[in-house]
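Hi everyone, thanks for coming.

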Amino acid sequence: MNLTTPLGDEVLSLRAGDQLTLSGTIYTARDEAHLRMMAEGIPFDPEGAVVYHCGPVVQNGRLVVAGPTTSARMNALTGFLIDAGVRALIGKGGMGAEVVEQLRGRAVYLALTGGCAALAADRMTLKGVYFEDLGMAEAVWVIKADRLPLTVGIDAHGGDLFRAVREKAKTQFHQRFNIKQDTVHETCHR
């Protein structure tokens with residue numbers, strides 16, 4: 001499936017784990033940009049917009065690298081964007097339970113594989129910038145994406161790939177930890 005911005009209700013049919021490509025305008029934003037937008041307003045039309053948690057490297061008016069940053073840093077800063085009509089967030093690592101609830105019935109979180117910053121930039125063209133005074137990593141860059149490959153990490157129904165992975169990892173860790181504890185206990189009492 002290829003989605004094109006601005007996004008609408010089509011995001012509501014997506015499910016965690018679905019793979020898609022995204023084309024159209026997206027906006028980068030990290031911590032400082034979120035705080036500035038909360039204080040001064042969103043400088044772009046948020047209705048149907050996509051916000052990319054990214055601090056790109058820009059040289060000579062082009063994107064050199066544009067990989068995702070850890071989205072959980074924006075957990076407490078996200079609600080106002082969803083309330084304003086943003087339909088998708090892009091990042092890595094997932095987001096907290098409060099964001100899963102904020103997305104419910106309204107928007108999705110799309111995951112981009114970390115470590116692919118140069119490859120991601122190959123699918124993007126720089127179109128403009130807001131809040132450039134925040135510096136390269138924190139400014140809001142306007143980017144045109146061309147079939148950016150993404151996975152639905154959190155859907156609009158509460159489905160969360162990251163929660164499922166965390167739960168599986170925790171279960172496996174505890175199983176292994178308990179085995180080691182039993183072995184240590186037996187060894188110490190021999």
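Which residues does leucine 22 touch, not counting residues up to four places away in sequence? Keep in mind as we go that this is a predicted model. Leucine 22 touches Asn2, Leu3, Thr5 and Leu7, then Val50 and Ile90, and then Ala145, Asp146, Arg147, Leu148 and Leu150.

As a reminder, nonpolar side chains tend to be buried together in soluble globular proteins.

Let's step back to the whole chain. You can pick out five helices and nine strands, and from the N terminus the order is β-β-α-β-β-β-α-β-α-β-α-β-β-α. The C-alpha trace spans about 70 × 35 × 35 Å along its principal axes. Of the 190 residues, 45% are buried. If you take contacts between residues at least 6 apart in sequence, 63% of them join residues at least 24 apart. The accessible surface is about 9600 Å², and carbon and sulfur atoms account for 52% of that. For those who like charges, there are 20 positive and 21 negative side chains, and the centres of the two sets are 7 Å apart.

Next, the aromatics. How many aromatic pairs are there? The count comes to two. In one, the rings of tyrosine 27 and phenylalanine 44 have centres 3.8 Å apart and planes at 5 degrees, so this pair is stacked. Tyrosine 27 sits in strand β2 and phenylalanine 44 in the loop between α1 (31-40) and β3, so the pair ties together parts that are 17 residues apart in sequence. Both tyrosine 27 and phenylalanine 44 are buried.

The other pair is tyrosine 109 with phenylalanine 162, where the ring centres are 5.8 Å apart and the planes are at 75 degrees, so it counts as edge-to-face. This one links distant parts of the chain, with tyrosine 109 in strand β7 and phenylalanine 162 in helix α5 (residues 161-188), 53 residues apart. Tyrosine 109 is buried, at a relative accessible area of 0%.

Here's a charged residue to look at. Is arginine 87 buried or exposed? At 14% relative accessibility, arginine 87 counts as buried, because the cut-off for buried is under 20%. Arginine 87 is in the loop between α2 (79-83) and β6. Leaving aside neighbours within four places in sequence, arginine 87 contacts Leu7, Gly8, Asp9, Val11, Leu12, Gly48, Ala49, Arg106, Ala107 and Val108.

Last stop, helix α1. The buried residues in α1 include Asp31, Ala33, His34, Arg36 and Met37, and the buried residues of this helix pack against β3, α2 and β9. After α1 comes glycine 41, with a positive phi near 105 degrees.

That's my tour, so over to you for questions.

Key
Residues are numbered from 1 along each chain as its sequence is written. This is a predicted model: local features need pLDDT of at least 70, side-chain atom pairs count only at pLDDT 80 or more; totals for chains, interfaces and linings use all residues. Side-chain values use heavy atoms; hydrogens and water are left out. Contact means heavy atoms within 4.5 Å. Helices (H or I, at least four residues) and strands (E, at least two) are DSSP runs, numbered from the N terminus. Buried means under 20% relative accessible area, exposed over 50%, partly exposed in between (1.4 Å probe, protein chains only). Accessible areas come from the Shrake-Rupley method with a 1.4 Å probe; for residues, only the protein chains shown count as cover. Lys and Arg count as positive and Asp and Glu as negative; His and the chain ends are not counted. The place of a charge is taken as NZ of Lys, CZ of Arg, CG of Asp or CD of Glu. Rings of Phe, Tyr and Trp (its six-membered ring) pair if their centres lie within 6.5 Å; planes under 30 degrees apart count as stacked, over 60 as edge-to-face and the rest as tilted.
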